Amino acid sequence: MYNLYQNFATPPFHEQVNIYYDTQDLMIRKHKGAMRIRDVNGMHIFTLKMQSEEGLLEFEKPVPKNAITSLEDEEIQELLHRYQLQGPFFKIAELHTQRAVYESEFAKLCFDISTYHGKTDYEIEYEYKKEHDGLSIFQDIMKQINVVYEKNCISKIQRAINSL
């Protein structure tokens with residue numbers, strides 16, 4: 001990853017902290033979803049990702065702090081009710097990520113170093129900003145370090161939760 005990072009404008013790394021929440025019986029996880037509050041650049045952002053017939057749905061909302069009390073927000077409570085998710089909710093994982101982002105016209109290339117439950121992993125993400133043949137571009141980028149991209153691995157969220 002470091003060799004590829006050096007091929008770009010070497011943007012600085014910044015830290016993101018994600019706290020994941022679920023019910024005692026892991027109801028969100030059982031529905032292949034995830035709920036977190038992310039701290040990044042002094043902001044706290046609530047996110048709920050849930051699988052649906054249309055695919056993965058994602059809801060985000062700024063909250064005042066990264067604490068379980070932020071889940072008491074009226075709009076968040078309505079959303080949780082819509083998915084039949086009832087508390088109490090508990091912190092189930094904490095993920096610290098050092099991220100550097102290189103932006104092009106079409107996408108963001110993210111270099112991540114994440115730690116959770118005593119583990120460290122490295123990931124390169126290609127996040128679309130607008131529609132294009134990103135797969136071909138990403139494969140060309142990975143060729144620079146003799147890596148062949150075949151398919152997506154499980155997400156950071158799932159890796160952190162699965163490591164419990």
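The report below covers the basis of the values, then the cavity, the helix and the loop residue.

## Basis

This is a predicted model, in which local features need pLDDT of at least 70 and side-chain atom pairs count only at pLDDT 80 or more, while totals for chains, interfaces and linings use all residues. Residues are numbered from 1 along each chain as its sequence is written, and side-chain values use heavy atoms, with hydrogens and water left out.

## Cavity

The structure holds one cavity of 30 Å³ or more. A cavity is a set of points on a 1 Å grid over the protein atoms alone where a 1.4 Å probe fits but cannot get out, and lining residues have an atom within 4 Å of a point. Grid points are joined across faces, edges and corners, and the volume is the space filled by probe spheres set on the points. The largest cavity has about 30 Å³ of space.

Its lining consists of Tyr20, Tyr21, Asp22, Ile28, Arg29, Gly33, Ala34, Met35, Ile92 and Ile161. Strand E1 (14-23), helix H2 (27-30) and strand E2 (34-40) supply at least two lining residues each; E1 gives the largest share, three residues. Helices (H or I, at least four residues) and strands (E, at least two) are DSSP runs numbered from the N terminus. Seven of the lining residues are nonpolar, one is polar and two are charged (Ala, Val, Leu, Ile, Met, Phe, Trp, Tyr, Cys and Pro count as nonpolar, Asp, Glu, Lys and Arg as charged, the others, Gly among them, as polar).

## Helix H3

Ile76, Leu79 and Leu80 are buried in helix H3 (residues 74-82). They lie on the same side of H3, because they cover an arc of only 100° around the axis, taken from the directions from the helix axis to the C-beta atoms. Glu74, His81 and Arg82 are exposed on the other side of H3. Buried means under 20% relative accessible area, exposed over 50%, and partly exposed in between (1.4 Å probe, protein chains only).

The buried residues of H3 pack against E2, strand E3 (43-52), strand E4 (55-63) and strand E5 (89-103). At the N-terminal end, Asp73 caps H3, with a side-chain oxygen 2.9 Å from the backbone nitrogen of Glu75. Gln84, which follows H3, has a positive phi near 55°.

## Asn66

Asn66 lies in the loop between E4 and H3 and is buried, with a relative accessible area of 18%. A polar atom of the Asn66 side chain lies 3.1 Å from the backbone oxygen of Ile37.

Leaving aside neighbours within four places in sequence, Asn66 is in contact (heavy atoms within 4.5 Å) with residues including Val17, Ile19, Tyr21 and His44.

Key:
On a 1 Å grid over the protein atoms alone, a cavity is a set of points where a 1.4 Å probe fits but cannot get out, and a pocket is an open set with protein on both sides within 12 Å along at least five of seven lines; lining residues have an atom within 4 Å of a point. A polar contact is a pair of N or O atoms within 3.5 Å; within protein, one must be able to donate a hydrogen and the other to accept it, and residues adjacent in sequence count only if both atoms are side-chain atoms.
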